[in-house]
Amino acid sequence: MRHHFYAAIVAACFSVLPACNMNRLIMARAVEAQVAFFHHEASDTGLERLAPQVYTFAFESDRGIVVVTSEGLVVSDTFNQRYVDALLGALEAEGVEARVNTIIYSHHHLDHVGGGRSLEAPHVLAHRDVPRYWANANASDAAAPTQFTDGTQTIEIGGVRFELIDTSDAHSETLLALYLPESRILYAPDTLTPGVFQLGWTPEVPIDGYLRTIDTLAQLPFETFVASHMGYAQRAGFQKTVEMQRDVVETAKRLFDARDISNVYLHYDAKIAPDGFLEFYDELHARYGDWHGFDQNILPIFIRLYTTELLGDVLPEQST
Ligand SMILES: [Zn+2]
């Protein structure tokens, strides 16, 4: 009798009390892990000089570049007011005159453009379509663009050449990368982060377009690859990450082909779906289990690649 009483209490606890709901606890743990993902070892590392005229500045998980020219500084991106305030403090401590001549916005996303207005830069360069997005988003502390670009183009500011590269298929329609040919530094926001287990930064775009853009970046003769979140690396670090991404995509393809997913839907079968995922997890864990972000990103990557394959979610052929 007493046994039944306790069993009933435990059952009631699991069904009613939030603290006893295992699914809820598992999800909370997964969210907590997402926060840990952004505390990468290269986050919050401040100002570093990459070349005589080029600095990178990391605050929290955001990373930008600052180029010293004869006309003043060129800054890309500005992220948010906390980032800008910390950057100005770091430049002063380094003895760099913080007169900003130009802000180059990599794209319209609000997490990249905040705080820009406070810099009072006379020139602000952005993709032509940025104002159309900002008409429907609150970009009130971003700097208003004064010059526009359609994508790939080379500009010169204060004796320094900047090659803008269209990377719109990798993440957002307005996305540009910035290549500095004199110092062989590539700043390619929201594409990849060297050494991080990830397949693009959200929002999601077709994977084939993403990988094609990464291939385009790989053609540039850069020596240093700077990501806009977390770290930067020499070319070998970029290459190793690209190889990991290709391996992840091919592993998924092999697994989906073996299960004939156009006829046997994984998402309709409570046995083969988790088995398929665990096979994917185990195979990749053996190779990349120690990479930053493996456990946080492996499930979203699996779902994304499955959906890509099932839907045929690709870019259309270029019209001629
Ligand atoms: Zn973005």
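Predicted model: local features only at pLDDT ≥ 70, side-chain atom pairs only at ≥ 80, totals over all residues.
D77 lies in the loop between β4 (72-76) and α3 (81-94). Most residues other than glycine have a negative phi, and most peptide bonds are trans. The points below set these backbone features beside the overall architecture, the nonpolar core and the packing of helices.

**Backbone features in loops**

- D44 is a residue other than glycine with a positive phi, near 60 degrees.
- The place of D44 is the loop between α2 (22-38) and β1 (46-51).
- D44 has 15 other C-beta atoms within 10 Å, and D44 is therefore partly exposed.
- D260 likewise has a positive phi, of about 50 degrees, although D260 is not a glycine.
- The loop between α7 and α8 (272-288) holds D260.
- D260 counts as exposed because it has 8 other C-beta atoms within 10 Å, and the limit for an exposed residue is 12 or fewer.

**Overall architecture**

- The protein chain contains nine helices and 13 strands.
- Its C-alpha trace spans about 85 × 50 × 40 Å along the principal axes.
- Of the 320 residues in the protein chain, 36% are buried.
- Among contacts in the protein chain with a separation of 6 or more, 61% are between residues 24 or more positions apart.
- The protein chain is divided into domain 1 (2-38), domain 2 (46-238) and domain 3 (245-311).
- The centres of domain 1 and domain 2, taken over C-alpha atoms, are separated by 43 Å.

**The largest nonpolar core**

- In soluble globular proteins, nonpolar side chains tend to be buried together.
- The largest nonpolar core has 73 residues, and the members that touch the most other members are I103, A177, L178 and L186.
- Helix α7 (residues 235-258) gives the most to this core, contributing six residues.
- At least three residues of this core come from each of domain 2 (46-238) and domain 3 (245-311).
- Leaving aside residues up to four places away in sequence, L178 touches S76, I104, F162, L164 and Y187.

**Packing of helix α7 against α9**

- The axes of α7 and helix α9 (residues 294-311) come within 10 Å and cross at roughly 60 degrees.
- The two helices α7 and α9 are therefore oblique to each other.
- The crossing in which α7 passes α9 is right-handed.
- On the α7 side the contact is made by V248, V249, A252 and F256, and on the α9 side by I301, F302, L305, Y306 and E309.

**Packing of helix α7 against α8**

- Helices α7 and α8 pack at an angle of about 150 degrees, and their axes are 10 Å apart.
- Because angles over 145 degrees count as roughly antiparallel, α7 and α8 are roughly antiparallel to each other.
- In passing α8, α7 makes a right-handed crossing.
- M244, V248, T251, A252 and L255 of α7 meet G276, E279, F280, E283, L284 and Y288 of α8.
- V248 and A252 of α7 are among the residues that meet α8, and V248 and A252 are also among those that contact α9.

- V130 is found in helix α5 (residues 130-134).
- V130 has 24 C-beta neighbours inside 10 Å and therefore counts as buried, the requirement being 20 or more.
- Not counting residues up to four places away in sequence, V130 touches Y105, H108, P145 and T174.
- V130 and K253 are 123 residues apart along the chain, and 36 Å separate their C-alpha atoms.
- Q153 belongs to strand β8 (residues 153-157).
- Q153 is partly exposed, since 13 other C-beta atoms lie within 10 Å.
- Q153 and H267 are 114 residues apart in sequence, and their C-alpha to C-alpha distance is 44 Å.

Terms used:
Residues numbered from 1 in each chain as written. Helix = DSSP H or I, 4+ residues; strand = E, 2+ residues; numbered from the N terminus. Core = buried A, V, L, I, M, F, W, Y, C linked by C-beta atoms within 7 Å. Domains from an automatic or database assignment. Contact = placed C-beta atoms within 7 Å. Axes fitted to C-alpha atoms, helices over the stretch in contact; angles between N-to-C directions. Parallel < 35°, antiparallel > 145°, perpendicular 65-115°, else oblique. Left-handed = near helix turned anticlockwise from the far one by under 90°.
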